[in-house]
Amino acid sequence: MAKRSTFSVLLRRTWLPALALVVMAFFGGYAVLGPNGVLAYGEYRHQLAAKKVTYEALDHQRAELRNRVNLLDHRHANPDLVDELARKKLNVVHPDEIIVPLN
């Protein structure tokens, strides 16, 4: 009977530190192996490089659109661009022009 009481006393003394170790091991493993952990850092760098390439392409496209909007400004519109857009929308050509189909 004395052996059982010693075991129960030992169990009562060690359950809280054992639980704390299990919780710390869980969070430590999650910090290393989790989706935001140390091992996912390489994948994040790869995704960041891909996003930078996409951002540069979108930035270039935005610059082109900004230039086109500036050319269509109502105070000083570019006559060539206005003529091109109007003819494209209205499907109108001059009598002396030749239409070359692309397909």
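**Salt bridges and a nonpolar surface patch**

R75 is exposed, with a relative accessible area of 64%. In this predicted model, R75 forms a salt bridge with D73, and the closest N and O atoms of the pair are 3.0 Å apart. D73 is buried, at 17% relative accessibility, because the cut-off for a buried residue is under 20%.

The search of the whole structure finds three salt bridges. Besides the pair of D73 and R75, a salt bridge joins the side chains of D59 and R62, with an N to O distance of 2.5 Å. D59 and R62 lie in helix 2 (residues 41–71); they are three residues apart, so about one helical turn separates them. D59 is partly exposed at 32% relative accessibility, and R62 is likewise partly exposed, at 42%.

A further salt bridge links the side chains of D83 and R87, at 3.5 Å from N to O. Both residues belong to helix 3 (residues 79–90), where they are four residues apart, about one turn of the helix. The relative accessible area is 35% for D83, which is partly exposed. R87 has 21% and is also classed as partly exposed, since the buried class ends under 20%.

On the surface, a nonpolar patch is formed by W15, L16, L19, V23, F26, F27 and Y30. Together these residues have about 790 Å² of accessible area. One of them, Y30, is located in helix 1 (residues 2–33). Y30 has a relative accessibility of 49% and therefore counts as partly exposed, as the exposed class requires over 50%.

Methods:
Residues numbered from 1 in each chain as written. Predicted model: local features only at pLDDT ≥ 70, side-chain atom pairs only at ≥ 80, totals over all residues. Heavy atoms only, no water. Patch = residues over 30% accessible without salt bridge, like charges linked within 9 Å, V, L, I, M, F, W, Y side chains within 5 Å. Areas by Shrake-Rupley, 256 points an atom, 1.4 Å probe, with all protein chains shown as cover. Salt bridge = Lys/Arg side-chain N within 4 Å of Asp/Glu carboxyl O. Helix = DSSP H or I, 4+ residues; strand = E, 2+ residues; numbered from the N terminus. Buried < 20%, exposed > 50% of the residue type's maximum accessible area, 1.4 Å probe, protein only.
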